Amino acid sequence: MKQLLGVTGTPGTGKKSVAVQLADLLGFTAKDVNALARELGCAERTGESEVVDIERLSRALLERTWRGVVFHGHLLPDLFRGGRIDYVAVLRCYPSILKERLWARGYRGDHLRENLEAELIGVSLSASLRSFGASRVREFDTSRSHAREVAGAIAAGYKSRRSQRVGSWTDWTRRYESAAELRSLLSSARTDSAFT
């Protein structure tokens, strides 16, 4: 057992906070994949954003021997595939709550909308299932939980290797009753009707 865990999810779901708490609970080290990209020379600044060379970073990570690490970041499913990670926690957040979190971080316009859409349809979950397989992936809802609580639930799942029931994955779209609710959620405006 390599003792390698992954924490991934849409921006704003709490990856870093949860990963740090999880590493602390397990006596592991938390590693941010974006920070690793910079450290290993696999990222470069272009204007306001940072572009990561996924292929180069994936190779650089595979060249090293890792043990007792919680990797975290939304790029996780693109960097590790198959059995390279023992257990993957996909953090999910109710989109209306996520909108509030992203708004507080300064997300606006297309950047806000794209991330809300990604969470709404489960992009991180789908990518993780493709990369790691359903037996290694579990979802954890961070909508109203503290990082330490979520980390505790992940640690318990990792130790017991409980897998999630097939077909029990979160589908946020079922919680919105009308197109008007979805339009309000995906609008760039911060309106009270977008929050629940």
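1. Basis. The model is predicted, so local features need pLDDT of at least 70 and side-chain atom pairs count only at pLDDT 80 or more, whereas totals for chains, interfaces and linings use all residues. Residues are numbered from 1 along each chain as its sequence is written, and side-chain values use heavy atoms, with hydrogens and water left out.

2. Main core. A nonpolar core is taken here as a set of buried Ala, Val, Leu, Ile, Met, Phe, Trp, Tyr and Cys residues joined through side-chain atoms within 4.5 Å, where buried means under 20% relative accessible area, exposed over 50% and partly exposed in between, with a 1.4 Å probe and protein chains only. The largest such core has 23 residues, and F71 and F80 have the most contacts inside it. Two or more residues each come from α2 (33-39), α3 (54-62), β5 (69-72), α4 (76-79), β6 (87-92) and α7 (123-132); helices (H or I, at least four residues) and strands (E, at least two) are DSSP runs numbered from the N terminus.

3. With residues up to four places away in sequence not counted, F71 touches (heavy atoms within 4.5 Å) L4, L5, G6, V7, K31, V33, L36, W66, L76, F80 and I85.

4. Helix α1. The 12 residues of α1 (residues 15-26) should span 16 Å at 1.5 Å a residue, and the end C-alpha atoms are 16 Å apart, in agreement; the expected span is 1.5 Å times one less than the number of residues. Its buried residues are K15, V18, A19, L22, A23 and L26, and because they fall within an arc of 130° seen down the axis, they line one face of the helix; the arc is that of the directions from the helix axis to the C-beta atoms. Their cover includes β1 (4-9), β2 (29-32), β5, β6 and α8 (147-160), while the face turned away from the buried side carries the exposed residues K16 and D24. G27, which follows α1, has a positive phi, near 75°.

5. S131. This residue of helix α7 counts as buried at 8% relative accessibility. Its side chain is joined to that of R81 by a polar contact of 2.9 Å.

6. Cysteines. C42 is buried at 3% relative accessibility, and C93 is buried with a relative accessible area of 0%. The count of disulfides, taken as pairs of cysteine sulfur atoms within 2.5 Å, comes to zero.

Note on methods:
Polar contact = N/O pair within 3.5 Å; in protein donor to acceptor, adjacent residues only side chain to side chain.
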